[in-house]
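Hi,

Here's the structure I said I'd pass along.

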Amino acid sequence: MTRATSSTSGNSAVKHLVLWVILSIMPVRTPGAPHRSLSVAQFAESPEVRSALSWFSRNLAWINEQQIRITEIPAPPFQEAARASLIKSLLQEAGLEVRIDQTGNVIAELLGAIEDGGKSPPAGKNASAANDKEIVMLTAHLDTVFPAGTNVKVRRDGERMSAPGISDNGTGLAALVAIARAIHETEIKPRRTILFVADVGEEGEGNLRGMRALVDTYRSRLKAAVVLDGSGTDHVTTKALASRRLEVLITGPGGHSWSDFGMPNPINALVRGSIRFINTKVPTNPRTTFNLGQIEGGTSVNSIPYDAKLKVDIRSESEDELGKLESALRESISAGTRDEMESARDRSKGKLDWKIDVLGTRPGGELSPNSPLLAALRAADEYVHNQSRIERSSTDANIPLANGIEAVSIGAGGSGGGAHSLQEWYEPTGREMGLKRALLTLLGISGIAEEKSK
């Protein structure tokens, strides 16, 4: 939305700021443990916040360059270590203590103020040892969908940058680093400890393993998670879309296309079963989908294969419909295998067997409309003159939402397209607004200490 320039714009901006301040301060109050809060006037005049917001404007070229650096380091599923090393270095340059956990997540801590008069923990102590209060996470996933060997060299055409993974999630990772750097250089001190996390395993068969590990580790203290994923600021994901990834395997004896013709063929059985399955009727409400994503099998054109594999993605707004769809897949593959066996001319050389393995599950969940995190996001939208709609999607936010922890997934600014394709692109126009929105949301839920520790 374009910022107004009339004489009334100043009053409007002040109203927006007041609204944001009120909403952002409310969430940091802990029942039964009163503390002093910044007044509206104090927060509105905070030199640290003003300086952090303007930091993005002064450093847009640097942020773009970091996105290119990040994107040009391949991060196929389960091979995120090289990119993680770069993010670790960038977060260390932002003055943070950084580690990589056993799962491969890069975790940087910014300790929150202890409510004992504003004193900081002794130097060198980590958050869990020095501050048992709540924490907030800002995350962006490291991995891409692209296999090893994919050309990820960034091409520039004017403002447009093109490369596999440049938007999903080069944008989120660059924003993660930029927000950490802005907070450090402007000496903002949060009330709650903030974890800046670049996590593994968000895409495909990664099964959200990075976020699962984070929630397992910090569950008792985790107040909220803000996930940076892609670029778009026109939506916010507050509803987690449940999904399952399944692998069908049909095996048989295999043989020669001429001499063993008539032997039961696993690929034939897979085709028969797949045709049955794709004719399954699914409801539009609750929305339910399926996708046959990968097919493998056979060794040569003149060989009857000894196995055939199919990977299927199923999603639904309803756990019941998800279960029905998985049952339909099992019934279809069973019937396809049976049909192939019954039509075989020669069953004496062996039979077909089938199984379906669950490669991964993503649980569903929803953020309460009255949540402090959503209030902080809405106030940030108001302040930066942005409008965003609520969406349901499958993101890292699924895991905290499914565990009753407040979480949203938002774009980090700019615009992008062609996600998950070799033609993926990103343009930084609008990036500054997205960064401000993310920072204000983060500070809205973490709170800001009244005084910086010296």
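Below is what turned up, starting with the pocket and moving on to the salt bridges and a surface patch.

One thing to keep in mind: this is a predicted model.

The largest pocket holds about 1100 Å³ of space. Its lining is made up of 38 residues, and Val145, Glu203, Arg245, Arg315 and His420 are the ones that lie nearest the centre. Several strands give two or more residues to that lining, among them S8 (235–240), S9 (242–251), S11 (288–297) and S14 (353–362). S13 provides the largest share, with four residues. Sorted by class, the lining has 19 polar, twelve charged and seven nonpolar residues.

Salt bridges

The count comes to 29 salt bridges.

Start with Glu202 and Arg362, whose closest N and O atoms are 3.9 Å apart. This pair links distant parts of the chain, 160 residues apart: Glu202 is in the loop between strand S6 (193–199) and helix H8 (209–218), and Arg362 is in strand S14. Both Glu202 and Arg362 are buried.

Next comes Arg272 with Glu340, where the closest N and O atoms are 2.9 Å apart. Here, too, distant parts of the chain are linked, with Arg272 in helix H9 and Glu340 in helix H10 (residues 319–343), 68 residues apart.

The third pair is local. Asp381 forms a salt bridge with Arg378, the closest N and O atoms being 3.6 Å apart. They are three residues apart in helix H11 (residues 372–383), so about one helical turn separates them. Asp381 counts as buried at 2% relative accessibility, whereas Arg378, at 31%, is partly exposed.

As for the network, salt bridges link Arg244, Glu319, Glu326 and Arg330.

The surface patch

Which residues form a nonpolar patch on the surface? They are Ile267, Val271 and Ile275, with about 230 Å² of accessible area together. Ile267 lies in helix H9 (residues 266–278), the helix that also holds Arg272 from the second pair above. With a relative accessible area of 32%, Ile267 is partly exposed.

Cheers

Notes:
Residues numbered from 1 in each chain as written. Predicted model: local features only at pLDDT ≥ 70, side-chain atom pairs only at ≥ 80, totals over all residues. Heavy atoms only, no water. 1 Å grid on protein atoms, 1.4 Å probe; cavity = no way out; pocket = protein on both sides within 12 Å on 5 of 7 lines; lining within 4 Å. Points joined across faces, edges and corners; volume = space filled by probe spheres on them. Nonpolar A, V, L, I, M, F, W, Y, C, P; charged D, E, K, R; others polar. Patch = residues over 30% accessible without salt bridge, like charges linked within 9 Å, V, L, I, M, F, W, Y side chains within 5 Å. Areas by Shrake-Rupley, 256 points an atom, 1.4 Å probe, with all protein chains shown as cover. Salt bridge = Lys/Arg side-chain N within 4 Å of Asp/Glu carboxyl O. Buried < 20%, exposed > 50% of the residue type's maximum accessible area, 1.4 Å probe, protein only.
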